[in-house]
Amino acid sequence: MKLSYRWLTELVDLGDRTPEDVARLITFHVAEVEELETVGVFPGVVTARVVSVAQHPDADRLSVCRLDLGSGERDEDVVCGAPNVAAGQVVAFAPVGTTLETPEGPLTLEAREVRGVVSHGMICAEDELGLGDDHSGILVLPDDTPLGEPLGDALRLSDTIIDIGNTSITHRPDLWGHVGFARELGALLRADVTWPSTDAGEALVAEATGDPYPVTVDDGQDCRRYEGLVLENVENGASPLAIRWRLECLGVRSIDLLVDLTN
């Protein structure tokens, strides 16, 4: 089972305890931790704003961009082939010297000429950062993302994954989730636990109408209660990056917002 250290810190007050401290605590008192994995660091990749986008003089499908990393427009051009690049966007930028872990292997960026224009770095797509499989265009970040900061810090994506052997907790269904481990750590540390809110508020949930969803329980002794709920008038789409990345780090592939929320 994989646990997100960052997610645990949102559920239980861990104080100044590091991921290593938490892993040691879990191993000594609950179940064996097999591995710690650092994720979401993206060495060298920083946030930047696209100041201008011009047509490449010798390629119809390429653009020549100028970027601002928080201290003003840079002099160097960046050639970009993404169809969705536009002025004003906040993007993930890998400058010259950055090494990206691509599906084809490590790629260290160098200043290189692209059809007569020297490109100084790369504006990244999701798959080039290991954030997902999407290569249809560059990753566009929220407009209020701070500029010039490491990508993992700016988006709070940096995390440590605590990997626990499943055989250690097969007899503990209360630990089959982050809330369960937060409760366990809260008991061990005598620390406050913050339960996830279940109050959606009047703005999101209207009074139920229509016929009840038909549920039949054939064996009331072994299954004393089963509930079904129909949700209507909901809008689906891609999940926010933070949700998609959290699932990705825990070994779950993002599908869409409704499926991801249930996962």
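The paragraphs below lead through the helices, nonpolar cores, salt bridges and a surface patch of this predicted model.

Residues are numbered from 1 along each chain as its sequence is written, and side-chain values use heavy atoms, with hydrogens and water left out. Because the model is predicted, local features need pLDDT of at least 70 and side-chain atom pairs count only at pLDDT 80 or more, whereas totals for chains, interfaces and linings use all residues.

Helix 5 has twelve residues and reaches 16 Å from its first C-alpha to its last, close to the 16 Å expected at 1.5 Å a residue, the expected span being 1.5 Å times one less than the number of residues. Its buried residues are His 178, Gly 180, Phe 181, Ala 182, Glu 184, Leu 185, Gly 186 and Leu 189; here buried means under 20% relative accessible area, exposed means over 50%, and partly exposed lies in between (1.4 Å probe, protein chains only). These buried residues pack against strand 1 (2-4), helix 1 (5-11), helix 2 (19-29) and strand 13 (159-164), with contact taken as heavy atoms within 4.5 Å. Just after helix 5, Arg 190 takes a positive phi of about 55 degrees.

Strand 13, one of the packing partners of helix 5, holds Asp 163. Asp 163 is buried, with a relative accessible area of 16%, and, leaving aside neighbours within four places in sequence, Asp 163 is in contact with Met 1, Lys 2, Glu 32, Val 33, Glu 34 and Glu 35.

Helix 1, another packing partner of helix 5, contains Glu 10, which counts as partly exposed at 39% relative accessibility. Apart from neighbours within four places in sequence, Glu 10 is in contact with Thr 194 and Arg 246. Glu 10 and Pro 212 are 202 residues apart in sequence and 36 Å apart in space, C-alpha to C-alpha.

In helix 6 (241-249), the buried residues are Leu 241, Arg 244, Trp 245, Leu 247 and Cys 249. They pack against strand 1, strand 2 (33-39), helix 3 (126-129), strand 12 (140-141), strand 13 and helix 7 (257-262). Helix 6 is followed by Gly 251, whose phi is positive, near 85 degrees.

The interior can also be described through its nonpolar cores, each a set of buried Ala, Val, Leu, Ile, Met, Phe, Trp, Tyr and Cys residues joined through side-chain atoms within 4.5 Å. The largest nonpolar core has 22 residues, and those with the most contacts inside it are Phe 42, Val 45, Leu 100, Leu 129, Leu 131 and Leu 151. Strand 6 (90-94) and helix 6 each supply at least two residues of this core. Once neighbours within four places in sequence are set aside, the contacts of Leu 100 include Val 45, Ala 94, Leu 107, Met 122, Cys 124 and Leu 129. A second, separate core of 21 residues includes Leu 11, Val 12, Phe 181 and Leu 189.

Charged side chains form another set of links. A salt bridge is a side-chain nitrogen of Lys or Arg within 4 Å of a carboxyl oxygen of Asp or Glu, and by this rule the count comes to twelve. One of them joins Arg 115 to Asp 58, with the closest N and O atoms 3.6 Å apart. Arg 115 lies in the loop between strand 9 (112-114) and strand 10 (117-119), and Asp 58 in the loop between strand 3 (46-55) and strand 4 (63-68), so this pair ties together parts that are 57 residues apart in sequence. Arg 115 counts as exposed at 52% relative accessibility, while Asp 58 counts as partly exposed at 43%.

Arg 172 and Asp 174 also meet in a salt bridge, at 2.8 Å from N to O; Arg 172 is partly exposed at 23% relative accessibility, as is Asp 174 at 32%. Salt bridges that share partners join Arg 66, Glu 73 and Asp 77 into one network.

On the surface, Tyr 213, Val 215, Val 217, Tyr 226 and Val 230 form a nonpolar patch with about 490 Å² of accessible area together. Val 217 is found in the loop between helix 5 and helix 6 and is partly exposed, with a relative accessible area of 37%. Patches are made of residues with over 30% relative accessible area and no salt bridge, like charges being joined within 9 Å and nonpolar side chains (Val, Leu, Ile, Met, Phe, Trp, Tyr) within 5 Å; accessible areas come from the Shrake-Rupley method with a 1.4 Å probe, and for residues only the protein chains shown count as cover.

Definitions and conventions
Helix = DSSP H or I, 4+ residues; strand = E, 2+ residues; numbered from the N terminus.
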